[in-house]
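Me: I would like to learn how to read strand pairing and aromatic contacts in a protein model. Please take me through one example.

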Amino acid sequence: MFYKITFAMVMLSIFAFATSDIKNLKSFQAQFTQTITSNSNDIIEYKGEVFIKSSGKILWKYKTPVEKNVYIDNNSAIVDEPELEQAIFTQLENEINIIQLLKDSKKIDNNKYSAAIDGINYLIFTKDNKIEKISYKDNLENSVEINFLKIIQDEDIPDSLFIFSIPSNYDLIRK
């Protein structure tokens, strides 16, 4: 289940990065709040930061309710779980094609885009040419909303941020 969510997050990252009217965006970073509401109205909220580079490097840093870092470099991912002292290495099933996502996005109005990726319909809301919010229903019919705050676009993000150094006390899991 987590890997489906991780893949959805990867697709969201690339889609959020690609759908802005600024087609030549080089980087995107922001704080985020991700709210997941089940069909029985149970709610869980995650908060953290996201960093994205046009080269395909992505880092989701979850801070609450649990610390977790998801490093993505094109079609490979590392899920760092400091509280469990483990790192999960995995290959994503589909290579992410930013250009294709750009071509597939549809502008609904001045501040709203939509796309269907892997059977999931995404709505993307922008403000001042910045991605403000993404909402969708996942494969389990959960409503997911990601709000971005303190957005910074096109500023340099060092590649070193996207490098995961494995602590010696970690268990490594390969999937």
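**Strands and rings**

Reply: Strand E5 (residues 76-81) and E6 run antiparallel and are joined by six bridges. Two strands pair if DSSP finds at least two bridges between them; strands (E, at least two residues) are DSSP runs numbered from the N terminus. The model is predicted, with pLDDT of at least 70 needed for local features and 80 or more for side-chain atom pairs, while totals for chains, interfaces and linings use all residues. Residues are numbered from 1 along each chain as its sequence is written, and side-chain values use heavy atoms, without hydrogens and water.

Me: Which residue in E6 is the bridge partner of isoleucine 78?

Reply: Isoleucine 78 has phenylalanine 89 as its bridge partner. E6 is also joined to strand E12 (residues 171-174), by four bridges and in parallel; there, alanine 87 is partnered by leucine 172.

Me: How is a pair of aromatic rings described?

Reply: The distance of the centres and the angle of the planes describe such a pair. Rings of Phe, Tyr and Trp (its six-membered ring) pair with centres within 6.5 Å; planes under 30 degrees apart are stacked, over 60 edge-to-face, the rest tilted. The structure holds eight aromatic pairs. One of them, tyrosine 71 with phenylalanine 164, is tilted, at 5.4 Å centre to centre and 45° between the planes.
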